[in-house]
Amino acid sequence: MAYNNSGNKIQRETPIIFNLIVINVLVFAAQNLVSQFDVTKWGSLHYFKSVDFKPHQLITNIFMHADFGHILFNMFGLYIFGSILEKFWGSKKFLIFYLICGIGASIVLQLTIPFSAEQFAKSAEAAEYGGYSAQLVKEYIEQYSALGASGAIMGVMAAFAWLFPNTELYVMFIPIPVKAKYVIPVFVLIDLFGGIYKIKGDNIGHFAHLGGALIGLLLVIYWNKTNKKTFY
């Protein structure tokens, strides 16, 4: 008697995507179910001068998420764009790309945390904490933490836009398809604006997104430098 033990279609065709999603879900479950140990604090990325910073956080933070909506949106993006890249590059190359983008996003975020602290201290929101002061900047940096796969996924999206610029995407609230080479740069510009101009209540790591997108773009251009296809 014969039987098929090859797993589901996603697991067969894009094993890295499948395993990344599984790992992210398991870590998210641990964040919410393990009470004896603060998984989120241990794995989230803190500023390198903070007492809570540990080197492993440069990697672990990209497998952690703040809430259900956060992980759902990120895993959806990883599946939609990452699956195509894994099939195009192969599993090993895609995994290397994903991790480089994620770690690169973490490093860029480290470099920009002091700027974000200054922006916060000058914002209207800082009035709730007594207004701008050097102490507020210091406290913001010390307490800062970041988590999420978004930086790595922005790298994936940047590579997708470079390799498949004319792929049509359906974007929420837009009734017609829009090409990837227009959609994804708009996401980058939104993050650039959000990173430079502090908006009250915005706790998104915009510079991590920008860092992931930049690293992803540079890496795909380098890998694709012998391919003379034009971005049209």
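Contact here means heavy atoms within 4.5 Å. Keep that in mind as we walk through this model, which is a predicted one.

Let's start with the overall layout. The protein has 10 helices and 4 strands, and if you read along the sequence they come in the order α-α-α-β-α-α-α-α-β-α-β-β-α-α. Laid along the principal axes, the C-alpha atoms take up a box of roughly 70 × 50 × 35 Å. How does the radius of gyration fit with that of a compact globule? A compact globule of 232 residues would come out near 17 Å, and the protein has 19 Å, so the two agree. Looking at contacts between residues at least 6 apart in sequence, 70% of them join residues at least 24 apart.

Of the 232 residues, 42% count as buried. The protein exposes about 13,400 Å², and carbon and sulfur atoms supply 67% of that area. As for charge, there are 17 positive and 13 negative ones, and their mean positions sit 14 Å apart.

On to the interior. In soluble globular proteins, nonpolar side chains tend to be buried together. Here the largest nonpolar core has 34 residues, and L78, W89, F94 and Y98 are the ones with the most contacts inside it. Which elements give two or more residues to this core? They are α2 (15–33), α5 (68–89), α6 (91–122), α8 (150–163), α9 (180–196) and α10 (206–223). Of these, α8 gives the most, with 10 residues.

Setting aside residues up to four places away in sequence, Y98 touches L20, I62, L78, A149, A152, I153 and V156. One of these partners, L78, is itself among the residues with the most contacts inside the core. Apart from this core lies another one, of 19 residues, including L45, L109, A126 and L136.

Finally, have a look at V39, which is in helix α3 (residues 39–43). Is V39 buried or exposed? Its relative accessible area is 14%, and since buried means under 20%, V39 counts as buried. What covers the neighbourhood of this residue in terms of contacts? Leaving aside neighbours within four places in sequence, V39 is in contact with A30, Q31, V34 and M64.

Conventions:
Residues numbered from 1 in each chain as written. Predicted model: local features only at pLDDT ≥ 70, side-chain atom pairs only at ≥ 80, totals over all residues. Heavy atoms only, no water. Core = buried A, V, L, I, M, F, W, Y, C linked by side-chain atoms within 4.5 Å. Buried < 20%, exposed > 50% of the residue type's maximum accessible area, 1.4 Å probe, protein only. Rg over C-alpha atoms; globule rule 2.2 N^0.38 Å. Areas by Shrake-Rupley, 256 points an atom, 1.4 Å probe, with all protein chains shown as cover. Lys, Arg positive; Asp, Glu negative; His and termini not counted. Charge placed at Lys NZ, Arg CZ, Asp CG, Glu CD.
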